[in-house]
Amino acid sequence: MGDYEAFKKKILQLTKIDLSCYKERQMKRRIDSLISKAKKKSYDEYVEALKSDKKLLEDFVAYLTINVSEFYRNPEQWKLLEDKILPYLFDKFGKKIKIWSAACSTGDEPYTLVMVLAKFVPLNQIQIIATDIDKQVLEKAQLGIYDEKSLKGLPEEFKKKYFEKVGDKSYQICDEVKKCVKFSQHNLLKDPYPDHCDLIVCRNVMIYFTEEAKQVMYQKFNDSLKKNAILFVGSTEQIISPATYHFSAFQSFFYQKV
């Protein structure tokens, strides 16, 4: 295949994705299988193909940024958000809170946030920032059409209220919910983070990064939050020694900036 280190540098120049920040064995295996699939013989040959073929490049980024997403994933955590975290945030910062859904994938997460928030705040007063590195998943998110599998964990009340059936097995989310989310492309390793956030949701993505990359990102998340604001992480992503990044454990999977 050739020199993987040189390949990583070329990919950084081409896509701004720093492969050194991802767990190497896992990532190299994914890339090698992608190169075989594209019928290329070496890293160099593959890079040249990426430079000349826009579709191949988009597929490469989509494949690297692992997108597994569903509505209301880990329901007990969403219940905790509804029962404890949001009332705390409203009490602290008022009803108009600034929320960032980082690495939002196909939009399941920010749209879930809107539906939960709508129990407390009118839809026309909700605005969520949602970002992801992958342009393809952002397009899918803006389209707002999902299969049954994505909705399997969603409470029935949300499904009835905010979705319309399209064809046999697909559902489209209503425009009122869509309007509450502003999607944009963002690279967690490179781009500036939004500031003065009251809540940041970044779930089930940190597991793919090296410890060094995680440390940088946790510090940046902390800088992005207001004092006493909250970071919500995934069910396999407890922060070891949160105090190192000026966080304290608030509830399971929720960390407060101190």
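**Entry 1: the chain as a whole**

I counted ten helices and ten strands in the protein chain, taking helices (H or I, at least four residues) and strands (E, at least two) as DSSP runs numbered from the N terminus. The radius of gyration, taken over C-alpha atoms, is 19 Å, close to the 18 Å that the globule rule gives for 258 residues, so the chain is as compact as a globular protein of that length. That rule is 2.2 Å times the number of residues to the power 0.38. I also noted that the C-alpha trace spans about 55 × 50 × 25 Å along its principal axes.

A reminder to myself: this is a predicted model, where local features need pLDDT of at least 70 and side-chain atom pairs count only at pLDDT 80 or more, while totals for chains, interfaces and linings use all residues. Residues are numbered from 1 along each chain as its sequence is written, and side-chain values use heavy atoms, with hydrogens and water left out.

**Entry 2: α2 and α4**

Next I looked up helix α2 (residues 24–37) and helix α4 (residues 54–64), whose axes come within 11 Å and cross at roughly 150°. Axes here are lines fitted to C-alpha atoms, for helices over the stretch in contact, and angles run from 0 to 180 degrees between N-to-C directions. Which residues meet? From α2 I listed Met27, Arg30, Ile31, Ser33 and Leu34, and from α4 Phe60, Tyr63 and Leu64; contact means heavy atoms within 4.5 Å.

**Entry 3: the second largest pocket**

I found a volume of about 330 Å³ for the second largest pocket. A pocket is an open set of points on a 1 Å grid over the protein atoms alone, where a 1.4 Å probe fits, with protein on both sides within 12 Å along at least five of seven lines; lining residues have an atom within 4 Å of a point. The volume is the space filled by probe spheres set on the points, which are joined across faces, edges and corners. Of the 16 lining residues, Thr15, Leu57, Val61, Ile133 and Gln185 are the closest to the centre. Helix α4 turns up again, giving the largest share of the lining, four residues.

**Entry 4: two histidines**

His196 has a positive phi near 55° and sits in the loop between β6 (181–185) and β7 (197–202). His246, with a positive phi of about 65°, lies in the loop between β8 (225–233) and β9 (247–251).
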